[in-house]
Amino acid sequence: MARYFLEFSKKGNIKYISHLDMQRLFKRAFKSAGIPIEYSQGYNPHPKMGFAQPLSLGYTAVQEYLEFNTKENLDLSHSILAMREAMPQGIYISRIEPLDISAKSLASQVTAARYSVVLPIQYRFRKDDMEELVKDYLSQSQIIAKKKEKKSKKLVDKDIKNQIHWIKVEKTSIDQGFTDEFIKLVMELDGGSNSNLSPEQVISSFTQFSKLYLPREELEVQREKIIFSGFEI
């Protein structure tokens, strides 16, 4: 038995594939690539693989991670090429690396995640004005957002200030036929099993605080990086 992780990006219309469908997609891709995934024992065996952090529907991503166990050691050069061939457009496998068989799961070592939120260009936001709004937003004694309780599923007010590490304002260019530069918010937030903050809560509370017109359907959200504790990627 051996253990590996693969790094991949998720771009384009594939962002509308759900987390469950992504699991099915990779299961089929491993089979197509001839990678001998190890399965659990019992009545309903399932492949021994897991994402470091589920990605929300509609998000693109730069560096995502999936760990998996195999029945035998892999030829990494062959396996990465075979997996690239097996994946649909929008998913690109950048590397496959071995993992210590006894190490903690990647999911248990996630502590934070970095996201970028590209703002609609047609509203002509200025970088200086946005920086001032972000500064005022972060300087609040509390930042209240609606979060759903796990048990009751009710929406409750929660202070998310301590779960926000930082937010920066940057300019970026996107190939959508525009010559103008877009404004984006780059934010690092708590992530993982101990504390997890969705950028949706930040977007919602920032929109309410700033009184800006930011239609959610016009915002492009991308996960730039997953941050681990005790594990170097």
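Biologist: In which helix is Glu131 found?

Modeller: This is a predicted model. Glu131 is partly exposed, at a relative accessible area of 33%. The helix that holds Glu131 is α3.

Biologist: What is the C-alpha separation of Lys31 and Lys154?

Modeller: Lys31 sits in helix α1. Lys31 counts as exposed, with 73% relative accessibility. Lys154 lies 123 residues from Lys31 along the chain. Their C-alpha atoms are separated by 41 Å.

Biologist: Back to the whole fold. In what order do the elements run from the N terminus on?

Modeller: The chain has four helices and ten strands. From the N terminus on, the order is β-α-β-β-α-β-β-α-β-β-β-β-α-β.

Biologist: What box do the C-alpha atoms fill?

Modeller: The box is taken along the principal axes. Its dimensions are roughly 55 × 45 × 30 Å.

Biologist: What share of the contacts between residues at least 6 apart in sequence join residues at least 24 apart?

Modeller: Buried residues make up 45% of the 233 residues in the chain. As for contacts between residues at least 6 apart in sequence, the share joining residues at least 24 apart is 72%.

Biologist: Now the surface. What part of the accessible surface belongs to carbon and sulfur atoms?

Modeller: The accessible surface of the chain comes to about 13,300 Å². The part that belongs to carbon and sulfur atoms is 47%.

Biologist: How far apart are the mean positions of the positive and negative charges?

Modeller: The chain carries 34 positive and 30 negative charges. The distance between their mean positions is 6 Å.

Biologist: Which elements each supply at least two residues of the lining of the largest pocket?

Modeller: About 610 Å³ of space lies in the largest pocket. Its lining has 24 residues, and those nearest the centre are Lys147, Lys150, Asn196, Leu197 and Ser198. The elements that each give the lining at least two residues are β6 (144-148), β7 (155-159) and α4 (199-210).

Biologist: Which elements each supply at least two residues of the lining of the largest cavity?

Modeller: There are two cavities of 30 Å³ or more. The largest cavity holds about 60 Å³ of space. Its lining residues include Phe8, Lys10, His19 and Met22. At least two lining residues each come from β1 (2-10) and α1 (19-33).

Biologist: Is Glu38 buried or exposed?

Modeller: Glu38 is found in the loop between α1 and β2 (49-51). Its relative accessible area is 17%. The cut-off for burial is under 20%, so Glu38 counts as buried.

Biologist: What is the C-alpha distance between Glu38 and Met1?

Modeller: Not counting residues up to four places away in sequence, Glu38 touches Met1, His46, Pro47, Lys48, Asn69, Thr70 and Lys71. Met1 and Glu38 are 37 residues apart in sequence. From C-alpha to C-alpha, the distance is 7.8 Å.

Biologist: Which residues is Thr172 in contact with, leaving aside its neighbours within four places in sequence?

Modeller: Thr172 belongs to strand β8 (residues 164-172). Thr172 is buried, at a relative accessible area of 17%. Leaving aside neighbours within four places in sequence, its contacts are Val118, Glu181, Phe182 and Lys184.

Biologist: Turn to the backbone. What is phi of Arg124?

Modeller: Most residues other than glycine have a negative phi. Arg124 is found in the loop between β5 (110-118) and α3 (127-138). Arg124 is exposed, at 57% relative accessibility. Phi of Arg124 is positive, near 55°.

Biologist: And what phi does Lys211 have?

Modeller: Lys211 is in the loop between α4 and β10 (220-228). Its relative accessible area is 73%, and the cut-off for exposed is over 50%, so Lys211 is exposed. Although Lys211 is not a glycine, its phi is positive, at about 60°.

Methods: Residues are numbered from 1 along each chain as its sequence is written. This is a predicted model: local features need pLDDT of at least 70, side-chain atom pairs count only at pLDDT 80 or more; totals for chains, interfaces and linings use all residues. Side-chain values use heavy atoms; hydrogens and water are left out. Buried means under 20% relative accessible area, exposed over 50%, partly exposed in between (1.4 Å probe, protein chains only). Contact means heavy atoms within 4.5 Å. Accessible areas come from the Shrake-Rupley method with a 1.4 Å probe; for residues, only the protein chains shown count as cover. Lys and Arg count as positive and Asp and Glu as negative; His and the chain ends are not counted. The place of a charge is taken as NZ of Lys, CZ of Arg, CG of Asp or CD of Glu. On a 1 Å grid over the protein atoms alone, a cavity is a set of points where a 1.4 Å probe fits but cannot get out, and a pocket is an open set with protein on both sides within 12 Å along at least five of seven lines; lining residues have an atom within 4 Å of a point. Grid points are joined across faces, edges and corners, and a volume is the space filled by probe spheres set on the points.
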